[in-house]
Amino acid sequence: MIKRLLIANRGEIAVRIARACRELGVESVAAYSEADARALHVMTADRAVAIGPAAAADSYLSIPHLIDAARASGADSVHPGYGFLSENAAFAEACEQAGLVFVGPPPHVIATMGSKIEARRLMERAGIPVVPGETSADQSDDALGALIARVGLPALVKPSAGGGGKGMHRVFAHAEIAGAVQTARREALAAFGDGTLYVERLIERPHHVEVQVIGDRHGHLVHLFERECSAQRRHQKVIEESPSPAITPALRERLTAAAVDAARAVSYCNAGTVEFLVDLGSADIDRAPFYFLEMNTRLQVEHPVTEQVAGVDLVRAQLIVASGEPLPWDQRALAQRGHAIEARVYAEDPSHGFLPQAGRVLLYREPRLPGVRVDSGFVEGSEISVHYDPLLAKVIASAETRDLTIARLVAALRGYPILGIRTNISYLLRILEHPQFQSGNVDTSFLEREGEALAERPNTSFPPPVTAAMAAHSEASAISDTPAGETHSPWDPWRRSTGWRT
Amino acid sequence: MGSVASQHRVANVKSGEPAAVRIGPGIYQVQDEGRSHIIYVAGSPGDSWAFWNGQVFRSGTKEETPHRAQPARRAAALSLTAPMPATVLKVLVTAGSQVKTGDTVIILEAMKMELPVRTSRDGIVTAVHCREGELVQPDTVLVEVADEVG
């Protein structure tokens with residue numbers, strides 16, 4: 001079994017990995033940039049190593065810095081989390097060469113599945129349907145324009161090296177081709193360091209359904225059912241759930257079988273996710289066509305919904321199989337029980353075009369309710385910086401039925417105060433309360449289509465109870481030297497005297 | 001929350017108006033028309049934030065209006081500013097460029113996302129105050145747009 005694990009990530013996922021380590025008796029080592037010296041993941045882990053300045057390129061994306069950190073801390077293994085270097089084959093390779101166990105599939109599998117072109121060829125050979133699309137060696141504007149014309153409109157232009165929806169652009173008309181290609185290339189270069197673009201036919205109003213798989217080094221490979229992730233804004237998932245309310249048992253059989261075939265085709269090891277676009281336009285859902293979209297060779301942001309429904313700990317399982325031990329369960333032992341929904345809480349302002357927000361968290365209280373799980377990476381007093389992804393936390397509700405789960409998640413979000421920085425919580429609530437979402441039939445264009453109905457106007461007129469509470473608060477602040485009374489945590493903003501009049 | 005009775009403060013005792021009682025750090029219980037509400041408040045009197053039932057309220061600072069929501073008045077020149085700390089990715093205009101409402105003049109990048117800065121009026125670019133690659137702070141004026149000459 002691995003003994004000491006370097007967590008090559010930050011935020012909620014680093015905290016979550018440290019927690020799994022503690023339960024397994026594995027020592028955790030946090031890696032942190034200068035901006036994160038006092039971050040929650042640093043305090044949660046058993047040890048911590050500085051890896052460089054705030055800019056991700058010089059810290060969380062720096063392979064040499066992370067390998068040095070692993071060596072310096074005496075770690076025998078590295079967990080990459082999601083994002084950053086989690087799907088970087090060179091990083092996995094560097095870990096192996098440094099004698100470190102990389103918690104993920106082998107480097108060549110990451111490389112194969114990370115290239116949309118190679119992954120697609122492989123899937124076609126394995127008999128798994130793929131979306132019509134192609135790329136070309138000639139990446140000039142003209143060549144890509146010709147490619148788009150050949151694949152047919154509407155088309156989707158996306159980074160070949162990409163994932164997570166970054167740099168994807170839709171093209172509906174010929175006039176939009178040049179702009180989409182240039183923007184996509186810039187974003188691809190900025191996010192992945194590789195401007196190669198891939199063009200595919202856009203399937204309108206599909207469902208995004210993905211299947212969690214995990215394999216060990218002894219030839220065992222299981223799936224942990226599906227997640228419905230169709231509630232997306234600009235290709236970023238906002239709400240995910242399991243089971244999918246839109247599919248039937250027969251379609252689930254076909255999707256999970258295809259996912260296991262896809263993973264077998266690359267002798268997959270460790271946790272991964274096979275993403276499908278499902279065309280639910282026809283009446284016969286059992287036989288609905290679906291297409292392989294991509295395989296994510298890492299833990300997903302939304303893994304908790306699977307954990308809640310299947311009753312497993314995926315990070316624990318990852319660490320076990322990375323240590324060379326067999327999977328703790330076989331396929332027959334796995335079942336979906338009840339329902340789980342995750343809402344992603346982002347530091348962004350829905351009333352101002354979802355602009356990412358930065359600032360100090362003045363007040364923060366997590367909801368504590370039965371059936372509610374909060375995976376978060378910050379505390380009251382934390383500084384949310386502009387350097388990293390704006391994901392603050394994930395709230396996951398689970399219950400016997402989907403309706404109950406929605407009600408539970410709504411109650412949790414209504415009691416989840418985050419002050420000092422704008423978040424998307426009210427936006428999440430409007431989605432959860434939307435009749436279309438509640439009906440369970442939400443495709444990937446839902447959030448965009450309902451944009452107006454879900455749009456937020458800043459609260460300019462305050463209800464009387466809010467005004468009364470604010471008045472009481474400013475009175476309390478004016479009386480006391482340490483405003484509003486006792487401190488709440490070592491990072492309590494009330495201890496700071498800046499900005500207060502006494 | 002049990003032993004804070006001595007710290008209770010009634011903010012408003014006029015009958016018929018809601019009464020707020022502090023029950024913990026930043027937590028207030030408000031009685032209004034027979035109903036009880038839990039409201040969280042933080043910040044200073046000049047810039048205070050409240051959370052009630054999933055909604056956030058902010059008082060004391062003027063809420064910036066999104067650029068595109070500003071009415072395009074012919075009289076005043078328009079200053080387009082950075083909404084947040086960001087890197088200037090592309091400058092799409094130069095002094096003298098003619099622009100129309102909705103045109104993207106600057107592309108910023110923050111948190112790996114591209115943020116287009118659009119003009120909310122027709123006119124002519126009178127000044128560009130940033131360069132590509134530059135890190136800009138919130139409210140930095142990036143581009144000024146004024147009436148066409150003549």
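The structure is a predicted model, and its overall scores are an ipTM of 0.82 and a pTM of 0.78. In the contact between the chains, 46 residues of chain B meet 48 residues of chain A, while chain A itself is assigned five stretches as domains, from domain 1 (4–103) to domain 5 (464–495).

**Contact between the chains**

- On the side of chain B that touches chain A, at least two residues come from each of the strands S1 (19–24), S2 (27–32), S3 (35–44), S4 (47–52), S5 (55–59), S9 (104–110) and S10 (113–118) of chain B.
- Strand S3(B) provides the largest share of that side, with 7 residues.
- Sorted by class, the side of chain B that faces chain A in this contact holds 27 nonpolar, 11 polar and 8 charged residues.

**Confidence in chain B**

- The average pLDDT of chain B is 77, and 77% of the residues reach a score of at least 70.
- Among the elements of chain B, the highest mean pLDDT, 96, belongs to S2(B), whereas the lowest, 80, belongs to S10(B); both strands are among those that each supply at least two residues to the side touching chain A.
- Residues 1–14 of chain B have a pLDDT below 50, and in the model this stretch has 27 contacts beyond near neighbours in sequence.
- The pLDDT is also below 50 over residues 62–75 of chain B, a stretch for which the model shows 16 contacts beyond near neighbours in sequence.

**Domains of chain A**

- The domain assignment of chain A places domain 2 at residues 132–201 and domain 3 at residues 204–332, with domain 4 covering 338–440.
- The centres of domain 2 and domain 3 of chain A, taken over C-alpha atoms, are separated by 26 Å.
- Where these two domains of chain A meet, 4 residues of domain 2 are in contact with 6 residues of domain 3, and the domain 2 side of this contact consists of 2 nonpolar and 2 polar residues, with no charged residues.

**A helix pair in chain A**

- Helix H12 (residues 402–414) and helix H13 (residues 425–432) of chain A pack with their axes 10 Å apart and at an angle of about 160 degrees.
- Angles over 145 degrees count as roughly antiparallel, and H12(A) and H13(A) are therefore described as roughly antiparallel to each other.
- The crossing of H12(A) and H13(A) is left-handed, and the contact is formed by A:Ile406, A:Leu409, A:Val410, A:Leu413 and A:Arg414 from H12(A) together with A:Ile425, A:Leu428, A:Leu429 and A:Leu432 from H13(A).
- By class, the contact between H12(A) and H13(A) comprises 8 nonpolar residues and 1 charged residue, with no polar residues.

**Backbone details in chain A**

- A cis peptide bond runs from A:Leu153 to A:Pro154, with omega near -5 degrees, and A:Pro154 lies in the loop between helix H7 (141–151) and strand S7 (155–159) of chain A.
- The peptide bond joining A:Ser242 and A:Pro243 is cis as well, with omega about -5 degrees, and A:Pro243 sits in the loop that links strand S12 (236–242) to helix H9 (249–265) of chain A.
- Although A:Arg234 is not a glycine, its phi is positive, at about 50 degrees; A:Arg234 is located in the loop between strand S11 (221–233) and S12 of chain A.

Technical notes:
Residues are numbered from 1 along each chain as its sequence is written. Chains are lettered from A and ligands numbered from 1 in the order in which they are written. This is a predicted model: local features need pLDDT of at least 70, side-chain atom pairs count only at pLDDT 80 or more; totals for chains, interfaces and linings use all residues. Axes are lines fitted to C-alpha atoms, for helices over the stretch in contact, and angles run from 0 to 180 degrees between N-to-C directions. Helices (H or I, at least four residues) and strands (E, at least two) are DSSP runs, numbered from the N terminus. Angles under 35 degrees count as roughly parallel, over 145 as roughly antiparallel, 65 to 115 as roughly perpendicular and the rest as oblique. A crossing is left-handed if the near helix is turned anticlockwise from the far one by less than a right angle, and right-handed if clockwise. Two residues are in contact if their C-beta atoms, placed from the backbone, lie within 7 Å. Ala, Val, Leu, Ile, Met, Phe, Trp, Tyr, Cys and Pro count as nonpolar, Asp, Glu, Lys and Arg as charged, and the others, Gly among them, as polar. Domain bounds come from an automatic or database domain assignment. pLDDT is the predictor's confidence in each residue, from 0 to 100.
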